[in-house]
Amino acid sequence: MLHELLLALLGFTGDLIVDEREQRKTLGLAFNTDSPLSDECTFKLAPDISFIEPSERDLIERLIKLGFYYRELDRFAKKSRNLSWIRSVTGVHPLERADELSKQGREKKPSVYRRAIANGIGEILSVYRSAVLHIEQKLLAETTPILATVTQGLNKFFVLFPPLYEVILEIERDDIRGGQLLNVLNKRCHCGVPELRTCLQRLLWHGHQVMYNQLAAWMVYGILQDPHGEFFIKRQEDGDLDHRSSQEEISEKLARTSVHETSLTDWHSGFHISLDMLPDYISMRLGESILFAGKAIRVLRNPSPAFQFQKDKSFQQTMRGSQRIQGFMHSDFPETETELDADLTGGELLPQSEADKIEAMLKELKESSEFHKRSFECTVDSVRAIAASHLWQLVVVRADLSGHLKALKDYFLLEKGDFFQCFLEESRQLMRLPPRQSTGESDLMVPFQLAATKTIAEEDKYFSRVSLRMPSFGVTVRSSQADMARSKVSLAGKANLTSDTSVDGWDAIALEYSVDWPMQLFFTQEVLSKYLKVFQYLIRLKRTQMELEKSWASVMHQDHIESAQHRKDGINGSTSQQRRQGIRPMWRVREHMAFLIRNLQFYIQVDVIESQWKVLQTHIHDSQDFTELVGFHQEYLSALISQSFLDIGSVSRILDSIMKLCLQFCWNIESQESNPNTSELENIAEVRYLFTVTLIHR
């Protein structure tokens with residue numbers, strides 16, 4: 001009976017102690033061995049045993065529950081540590097192996113976290129086996145009461161095994177893996193039983209070892225080591241890939257994607273935080289810090305081969321300066337400079353000493369017997385600061401962020417006013433005609449190149465990155481004067497302020513800025529689109545101002561010619577005086593228009609752009625964190641757009657309508673110099689007044 005009891009305590013039943021589950025199988029009753037575990041203990045004392053007292057029977061049945069819990073815990077540990085699914089696919093072709101691993105993973109759902117917890121359970125079970133062996137030795141060596149000795153020797157396991165069994169029940173019933181498994185253990189660690197809390201903390205420690213290994217791979221080497229999708233950092237495309245796609249198709253797709261494109265995709269949208277796998281005791285802020293740190297390490301360890309850090313470029317700039325504009329004229333792409341210096345390596349961007357420092361901090365966390373939230377937060381923040389600092393060094397110092405920002409200000413925010421003034425003057429006659437869909441862009445290239453030749457200095461190394469674009473039109477675009485002539489009907493109706501006013505066809509002029517690695521990390525397509533939005537608004541404003549000035553100069557010149565001709569022919573000057581008196585209201589309207597456009601342009605250039613530029617420069621000077629710079633730059637662009645009223649649809653439409661009326665006014669007075677249509681001009685003036693009043697009220 002002693003050995004029957006001891007064997008039952010180790011999960012082996014016999015004649016004295018039976019397993020109801022085995023009996024049901026023997027009798028042929030339906031029983032699914034792969035079904036979730038049952039809460040009920042199936043180890044029972046044989047019912048035909050009559051020589052045991054009721055009190056002893058109750059005590060034995062209480063003891064053999066430990067054997068049942070041991071067997072189930074041991075079964076869970078062996079199942080979770082089973083690596084046969086790996087051995088079954090060794091020696092197979094890599095592509096077939098990947099498919100087989102995927103198939104095995106879907107069937108058995110292997111989990112490195114469960115395997116770690118299983119190792120912890122194995123430690124507890126080994127202590128239990130040692131206790132049973134010690135009891136056997138004691139009972140064989142001494143004549144002592146059997147049940148009392150067994151109960152005394154295993155008393156602490158009555159506290160440990162039932163909660164542990166509940167844990168594995170919950171894990172298998174809900175298929176808990178990864179960060180969810182850490183959550184379950186962390187919640188159960190908050191209990192009032194010291195022995196149980198110590199046991200659960202040990203299991204949680206084993207689970208954290210896996211998490212720390214994944215964190216080390218991610219935050220030291222930039223590698224996502226997560227074969228079974230249990231880490232809270234995941235690839236974005238994992239959920240988007242079609243599981244039916246063959247491994248060959250995926251490999252071909254990756255082969256077609258360059259390393260440079262992959263790096264940018266990884267930075268902007270390659271990885272995300274899986275909230276399902278993020279433990280509750282790790283905040284979203286910490287998760288985002290871990291995500292950023294890993295992505296930054298990936299960038300620093302895998303620089304683009306084309307990126308060069310030039311220690312001294314003065315000679316090369318001098319040699320190439322005279323070729324910049326010509327190179328731009330003959331090609332839409334900036335000149336590459338790969339021949340000047342050697343490529344940077346990941347070791348130069350992230351020194352090994354820094355990587356060792358990060359690894360040492362994570363190792364210190366890993367070796368701690370308990371998880372300390374405060375220490376974990378400090379370590380993550382420190383790693384993030386290191387990554388952000390080196391990324392800042394790469395973007396701001398090595399890639400010359402300030403130079404690129406100044407170039408965008410020069411060209412997209414019209415800081416180089418002489419260049420755009422020259423460009424608009426050279427293209428003025430062209431813009432009087434409708435833009436042609438097929439050649440609109442090439443037509444503009446001639447005045448653009450002439451303006452560059454006249455105003456852009458050779459030392460401007462960023463001009464070669466700027467290119468002019470005229471997007472193809474999806475709809476028929478009405479041109480300048482023809483459009484204005486067709487809009488007379490709406491003007492007669494005093495204009496509908498609620499409708500979306502159509503703009504001039506040439507307002508689709510766009511600039512593109514070529515950005516190399518690593519500046520794409522900072523200047524995303526979203527950022528460049530905001531610059532383009534401001535540029536199109538400013539170039540339209542500047543064009544309107546120039547037309548108002550040109551129309552005044554043209555008409556005054558014509559008036560002087562006519563006056564001189566009248567004096568030469570001996571005609572009475574009263575005729576000219578009457579003519580001037582008649583068109584005086586027209587010039588008053590022009591002056592009002594010019595006053596509004598000049599002040600609006602001055603406000604945007606000085607009070608908005610220059611003031612926000614100084615704020616941005618201060619932030620760049622004071623900050624050494626890449627993420628802070630990104631935030632400051634976003635605030636800078638948002639301020640430009642909001643303070644220029646571009647984010648207020650009603651105000652923006654009114655300003656567009658005012659500029660449209662100004663252009664119409666200029667073209668009308670120039671085309672009617674000899675016989676002005678005063679009624680039409682008065683109509684324009686009245687509509688302009690309505691727009692202005694509405695704008696003031698807005």
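Colleague: Which residues point one way from strand S5, and are they buried or exposed?

Modeller: Val466 and Leu468 point one way from S5 (residues 466–469), Ser467 and Arg469 point the other way, and all are buried. Buried means under 20% relative accessible area, with exposed over 50% and partly exposed in between (1.4 Å probe, protein chains only). Strands (E, at least two residues) and helices (H or I, at least four) are DSSP runs numbered from the N terminus. This is a predicted model, where local features need pLDDT of at least 70, side-chain atom pairs count only at pLDDT 80 or more, and totals for chains, interfaces and linings use all residues. Residues are numbered from 1 along each chain as its sequence is written, and side-chain values use heavy atoms, leaving out hydrogens and water.

Colleague: Which strand does S5 pair with?

Modeller: S6 (residues 510–513), in the antiparallel sense over 4 bridges; pairing takes at least two DSSP bridges. Ser467 stands opposite Glu512 in S6.

Colleague: Switching to helices, at what angle do H1 and H3 cross?

Modeller: Roughly 40°, and the axes of H1 (residues 2–9) and H3 (residues 54–80) come within 7 Å. Axes are lines fitted to C-alpha atoms, for helices over the stretch in contact, with angles from 0 to 180 degrees between N-to-C directions. H1 and H3 are therefore oblique to each other: under 35 degrees counts as roughly parallel, over 145 as roughly antiparallel, 65 to 115 as roughly perpendicular, and the rest as oblique.

Colleague: Nice, and which residues meet there?

Modeller: Leu5, Ala8 and Leu9 in H1 meet Ile60, Leu63, Ile64, Leu66, Gly67 and Tyr70 in H3, where contact means heavy atoms within 4.5 Å.
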